[in-house]
Structures are given as structure tokens and as C-alpha cells.
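I opened this entry to look up charged pairs, a pocket and a domain record. My notes follow in the order I checked them.

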Amino acid sequence: MAAPLPLFVHHLVSPLGTLRLTSTESHLVSACFPENELETDTAHLPPCLQLAATQLEEYFAGTRQTFDVPLHPQGTPFQQQVWQALQQIAPGKTETYLGLAKRFDNPGAVRAVGVANGANPWLVLVPCHRVIGAKGELVGYAGGLWRKKWLLEHEAKMSGVYQTFLEF
């Protein structure tokens, strides 16, 4: 069995609170809003972690809408398919869980899409916040629904695309 890759940690202060970024030397492993105490940042920040922080700062400043940080996906093949599909939803746009399931020619996979969406380890960077309920309601976001609403409104302002939605 191979030894686990060393992980590096950096905390980024954002308008939504602190984001914990975790990476290997070459790929971003996760970006999440930690619920507990923050561990200390790693002294060495690999280039991919620096890139993630810079691109997120640009996003929150309103000057970036997409990300090109190398990711380290660790999930089932279906989860990875869903995460790829999430990256195809344009900023300012939303998609429903059913809409995503239909992309896989499997409208019965709505729950599986929801589970894969919820397992997304790269909040903000892989835009699971752009997935909404069938009737346009805000549902399910690991970072909290208030953050989901903020992200969607932020992206609408940046892109100039305003959809009718966003009720809790």
C-alpha cells in the first residue's frame, strides 16, 4: 500500500467566513468552511495552494468567474461525473438536481445526484451552490443556505445574469 501523500493547509478569509484549503504538493484536495477550530497553516504552500487562494480572492473581489486549479478528485466514478457536470453550469445560472440527472440520461438518479453534489469537497470552486430544488428553492449546501444565496447573488452581479429564484 502506498504511503499517504503529505497534505498542506491554508486558511483564506472570505466574505463568507474562513475557507480551509487543503492540498497535496500538486493538487487541491478540498476547500471547505470548517466548523471547528482552525489548525495552523502549513509553512510551505505549494503552487497549487497559492493558485487556489489567489483565484478565490479574485472571485470574491468580483474579477474572476471560473477556476483552473488542479483538483485531486477522490470519489466514486459517478461522483466524479457529477462534479464534472457542476463545472459546466455557467456563473449566474442554476440547474436542478433533476436537470443534472437528465444530463446522465437517468432522471431516476435525482437522489444520487444530490448525494454526489453534497460530497463535493471543493466548495465554491466546483459550484455545487448552483444546484437548486425543482421549484427554484434553495436546498442543500454544505456551507449553509445563507452562503449559497450569497454566492448565487454574487455570481448574478458578476455575470449580469439574473434568474428568478432564491427563496429559502
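I started with Glu153, which forms a salt bridge with Lys149; the closest N and O atoms are 3.8 Å apart. This is a predicted model. Glu153 is partly exposed at 33% relative accessibility. Lys149 is partly exposed too, with a relative accessible area of 26%.

Next I looked at Arg130. Arg130 forms a salt bridge with Glu155, and the closest N and O atoms are 2.7 Å apart. This pair links distant parts of the chain, 25 residues apart. Arg130 sits in the loop between helix H4 (110-118) and strand E5 (131-132), while Glu155 is in helix H5 (residues 145-159). Are they buried or exposed? I found both Arg130 and Glu155 buried.

I also noted Glu58 with Arg64, a salt bridge whose closest N and O atoms are 2.7 Å apart. Glu58 is partly exposed at 28% relative accessible area. Arg64 is partly exposed at 21%. My count came to five salt bridges.

I looked up the largest pocket and got a volume of about 200 Å³. Of its 14 lining residues, Thr66, Phe67, Gln87, Leu125 and Pro127 are the closest to its centre. By class, I logged ten nonpolar, three polar and one charged in the lining.

**Domain record**

UniProt, in an unreviewed entry, places "domain: Methylguanine DNA methyltransferase ribonuclease-like" at residues 13-72. I found that span to be 25% helix and 23% strand. Its end C-alpha atoms lie 22 Å apart.

Definitions and conventions:
Residues are numbered from 1 along each chain as its sequence is written. This is a predicted model: local features need pLDDT of at least 70, side-chain atom pairs count only at pLDDT 80 or more; totals for chains, interfaces and linings use all residues. Side-chain values use heavy atoms; hydrogens and water are left out. UniProt positions are given in the numbering used here, feature names are shortened, and annotations may be inferred rather than shown by experiment. Helices (H or I, at least four residues) and strands (E, at least two) are DSSP runs, numbered from the N terminus. On a 1 Å grid over the protein atoms alone, a cavity is a set of points where a 1.4 Å probe fits but cannot get out, and a pocket is an open set with protein on both sides within 12 Å along at least five of seven lines; lining residues have an atom within 4 Å of a point. Grid points are joined across faces, edges and corners, and a volume is the space filled by probe spheres set on the points. Ala, Val, Leu, Ile, Met, Phe, Trp, Tyr, Cys and Pro count as nonpolar, Asp, Glu, Lys and Arg as charged, and the others, Gly among them, as polar. A salt bridge is a side-chain nitrogen of Lys or Arg within 4 Å of a carboxyl oxygen of Asp or Glu. Buried means under 20% relative accessible area, exposed over 50%, partly exposed in between (1.4 Å probe, protein chains only).
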